[in-house]
Every structure is written in structure tokens, then in C-alpha cells.
Amino acid sequence: MRHVVKVNGTFSYRRRVPDDLKMLVGKDWWKASLKTGNERQAEIAARALAVQHDQLIERLRATPASERAAIFAEHLNTAIDAAEIAWESSVLLDDPDNPDSKKAAEIEAAMWRVMLGAAETRYGSLPESDRALVEKAGGLEAFIRQHRATAARLADTRSTLNLRSHIPVSKLPKMDTDLAEAKLGIESARLAKAQGVIERLGLAALAETVVEDPENPRINSVLDPWFADRGQRPDAVKRHRVAMRRFVELHGNIPVRDITRKMIESYKETIKNLTDHRLLPAEDRGALVCIDGLRKVAAPTVNRHLTSIKAFLGYCADKEYLAKNVARGIDAPIDTRPKASKRRAMTREERIQFLNRAVAEYGEDSERVWLIKLAAYTGTRLEEAAQLGRKNVRQKDGVWIVEIDDLDGRQLKNFSSVRDVPLHSAIRDEFLAWLKKTDAPKRDRVFMTFKQKDGRFAESLSGDMGRLMDRAGITDPRVVMHSMRHGLKVAMADAGIEGDYRRMILGHKPLDVHSADYAQPSMATIAREFERMGKLF
């Protein structure tokens, strides 16, 4: 069922408001309880709501610009009325004991959206210099958020400098006071300039920094300090952000002390019932979408979400925001998928099929074609190959190798992933010739067309290679890019290559300490053993 999720046995309607209409609608999502646990009844009710929203979208997109200001004004008056009622009812945003706290936070968010929408109508009348400042920041919302962050940072700097004047120098942490004061003056000037723009837009109220209870901050306020304090890798940060965004979407950006065990259980059930996002249209991916009849997410996905929540609450407990981690002891569901349904090795026929399609689309000497060949013959993971440094293709013991390491900002899965892989004769000479032909002074990586996103070079590449497999006619969902790594493992085993050598090439842990620390053969010996394997394509 589209736009339908199941929470605690009851179906609810959830639909994203299109990005171009969020300001007009005054919200990011349409949400409503369908008040039934019956799938058929929920589907009928959801379709009725969907039709209403389809008609609203069509009507709003046809609204002339001259009428939009009136809509914003109406939203603004409604939000102000709601805020006044909330204030009279003592709905305090940072009061964890107030049951209406979540409602107050929603009112605050609604006023933010409405006032931004009203500012859009004034934006065209700003001086060109003002508009340049806003555009440089990435738009109105980014401009205001940057302004608030700068104001908060300046307040912290001022507090630190004031504190230093009352503490003996011997007790102070190292700090270049002159430099801090110079930066303070520069940022203060920038802040004053931005403040003028904000006032001309009528957004002075939004520019004020929101004050939270430092002993009980809201979820979103803790995320960045958590990532920084724990030194999280970019891929882990992305995974945690997805999990926490979904939790906030379900329960709101509440103070961390308000998180209960019941909320965690509800979250677990919601994630269990999510449709596998790979089966959804692009606009619905990442949302809390449950469509009847389509495959649900696997148990490991639920476990990753729970792991993120537990780690987040563990950090909050360490910081004494919480008395204890309320998610502890909540286990992920057991993975009941048949063993045959899980990822399998790519066959030689599938490798050829995949490579031929890549050659047809990108050309014989393209980076994607060479990525496929290199991954097949070295067993590198996609990120390992995509980030490979040019200087990491070198000779060792008279043998050409690919050196896999985590230096110069590269990332690896674990310690045993650090390894040297000999270049097989089936691709060695051709690969070195291609590398020499593409040599350039600023070319520090082997594959320069793969750009870093969210800290990873394979972030977009993974999906691209999956879609290339689909176009190549490899439709078995058990076969993915990583299947080439499994395929190399099978090919080496079929060639009779001894287990220790296979583990060295793939970067797997040795079976005993003796193999790990003492009896490492030379690269020439490993390469000679590796050559027992024949061609893979």
C-alpha cells in the first residue's frame, strides 16, 4: 500500500509534500491515522486521502505568484494564533514533563516554514548585494541556519574569553587569545551584515538562537557532537543519520530524556514492516513506506537501525543526559531468509555478460570497465577499488601489486583488509599500459571520475553498477558487485590455490597466530601461487 505505514498495529497515512510546495502547504509531510488495523480498509482510506492530495498538488502548482503571498499570510496568522494558545497553556518547548511538548515543537516548526515562505515573497525586492549573500549560503533556509550557528559560536567564544580573564593562566587550556579575538571581530562584522538582510526579510524572530536545556537536549542537537566525539567514519555517520531521521520522523525531535522503551519497540516494528526501498520509486525511498505485497527489509537492516539507536542512547547515557540506555536488551528479529536467497558468487558467464555491457556503454578503455576487471582479479571491495591511489600500484619483490591501505584519507573495513594483491598476468600488462596512458600530474587516484560523496567514493557508484547489471540482464537479486569478490574466491579454490594464500589475497583473517605474525611468504611466492588461477573473463 502506497503512503501507508503500520505503527503499533494501526495503519497510518504518510506522504511527503513535494519540495516545490512545502512553503505553500506549510509542512514537510501529510500525516493522518487511518484508525484501523485492517489492511483493506486502510488501503481504501489511504487512496481517498491520496486523491485529495493529488488534487491539492495540482491546484497549488497552478496558483499565480500574486496569490501565494495571501496563502503565506493566512498560514502565518494561523501559526501565530496556535503559538499564542500554546503559550497560554504553558506549552514549554523544553519541558520534558509536559505532554504537549511535542505539539509545541510542531508549532515552532510550522512557524519556521511559514515565515520562510513569507520571506520568499520579499526576496525579489532585496538589494542585489543581499541576494548575493543569500545565494552564496545556498538559499534562504541555509542562510538563516548559518546565521544562527554563527551567533551561537560567537556566544561560546565570548564566554570562553570572558572566562579566561577570571582564571589563572596556569590553569587554562592552550589557546591563542589574540587569534580568537581577531576571529571574533571578523565574524561579528559578518553577523551584523547578515542580520541586516534578515531584518529586511522580516525574519528577525527566526534568526534568534533557540535555547535548549543543556541537561536534556533534543535528538537532532546531539547527533553532530556524538559523531565528532566518537570519531565516526563517514559511512557510519550516514547509516546513523538515516536511522535517527526515521526515529525522529516517527516520534518527533523530542528531548532525549523523553525517549522510552515503548518508543524503541514501536520503532523496531515500524522498520520491520518497511518495504525494501530498492523496490520503491525514487521519491519514496528513505521514507517510512509500507506497501502490501512487496518484499520487506531484511532482519540485518532492522538490526542496523537498532544498533544506531542503542549507540546514540549509550552516548546520551555517557553524557548523563539519561539515567540508562532504555534500548538495551531489545533484540533484532532473527534472519529467517533461506540460505539460498542470500548473496552468491558471480559465475564466469555473468562476469563476461557484465563486462560486455560495460564495454558497450562506456568503451573498452573507460574507468568503469577497468574497475570491473580490477575488482574481478584482485577481489577488492568497491570502495577499496574506487579510492585506490595511483602510487599504490607498484612493484614489490619484483612483482607488480595493488597495495590496499587506509593512508591519505582512504578507508578500509577492518585491520585485516590492509594487504598487497599481486596483479594477475591476465590483466597486468594491459592495466599498466592503460594506467601509463592516462597518467597526468594531478591524477593521484587510479579512477578519477568517481567523486567522493558523504566521505565515500563508491556512494553513488554502487547503485550505478547495480543498474548496469540490470541492463546486462543479470536480474538475480543475489548477484551484486560484491559477488565478484566471492567469484574470485571460488575461482582460486577451483584452481587449487591453498587457503592461506586465498585469505592473504582477499584480506581475510588468518586461521592462526603463526600465519598472521611469522610465516608470511614473499610476494613473489604469493604471485606464483596466484598464477595457477586461469582467466576470469
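1. Where does Gln387 lie? Gln387 sits in the loop that runs between α15 (382-386) and β4 (393-396). The model is a predicted one, and the points below describe what that prediction shows.

2. Is Gln387 buried or exposed? Its relative accessibility is 3%. Buried means under 20%, so Gln387 counts as buried. Setting aside residues up to four places away in sequence, Gln387 touches Arg410, Gln411, Leu412, Arg445 and Phe457.

3. Val393 has Val402 in β5 as its bridge partner. The hairpin of β4 and β5 has 2 residues between the strands. Asp397 takes a positive phi there, near 55 degrees.

4. β5 also pairs with β6 (residues 419-422). Again 4 bridges join the two, and they run antiparallel. Val402 turns up here too: its bridge partner in β6 is Val421.

5. Now the nonpolar cores. The largest has 56 residues. Phe354, Ile372, Phe431, Met481 and Met533 have the most contacts inside it. Helix α14 (residues 367-378) gives the most to this core, with 8 residues. A second core is separate and has 34 residues, including Val222, Leu223, Phe227 and Cys316. In soluble globular proteins, nonpolar side chains tend to be buried together.

6. What does Phe431 touch, not counting residues up to four places away in sequence? The list is Trp370, Leu374, Val393, Leu423 and Val446.

7. Trp370 and Leu374 belong to α14, and Phe431 belongs to α16. How do these helices meet? The axes of α14 and α16 (residues 428-437) come within 12 Å. They cross at roughly 145 degrees, and the crossing is left-handed. From α14 come Glu367, Trp370, Lys373 and Leu374; from α16 come Glu430, Phe431 and Trp434. The contact residues divide into 4 nonpolar, no polar and 3 charged.

8. Lys453 is in the loop between α16 and α17 (461-471). It has a relative accessible area of 45%, and is therefore partly exposed. Beyond its neighbours within four places in sequence, Lys453 is in contact with Glu459 and Ser460. How many residues separate Lys453 and Pro234 along the chain? They are 219 residues apart, yet their C-alpha atoms are separated by 9.3 Å.

9. Last, the sheet of β1, β2 and β3. These 3 strands form an open sheet in the order β1-β2-β3, with antiparallel pairing. Which are the edge strands? They are β1 (4-7) and β3 (29-33), each pairing on one side only. From one strand to the next, the twist averages 25 degrees.

10. Within that sheet, 4 bridges join β1 to β2 (residues 10-16). Val4 stands opposite Tyr13 in β2. Helix α2 (residues 39-61) packs on the sheet and touches β1, β2 and β3. The direction of α2 makes about 20 degrees with that of β2.

Notes
Residues are numbered from 1 along each chain as its sequence is written. This is a predicted model: local features need pLDDT of at least 70, side-chain atom pairs count only at pLDDT 80 or more; totals for chains, interfaces and linings use all residues. Side-chain values use heavy atoms; hydrogens and water are left out. A nonpolar core is a set of buried Ala, Val, Leu, Ile, Met, Phe, Trp, Tyr and Cys residues joined through side-chain atoms within 4.5 Å. Buried means under 20% relative accessible area, exposed over 50%, partly exposed in between (1.4 Å probe, protein chains only). Contact means heavy atoms within 4.5 Å. Axes are lines fitted to C-alpha atoms, for helices over the stretch in contact, and angles run from 0 to 180 degrees between N-to-C directions. A crossing is left-handed if the near helix is turned anticlockwise from the far one by less than a right angle, and right-handed if clockwise. Ala, Val, Leu, Ile, Met, Phe, Trp, Tyr, Cys and Pro count as nonpolar, Asp, Glu, Lys and Arg as charged, and the others, Gly among them, as polar. Two strands pair if DSSP finds at least two bridges between them.
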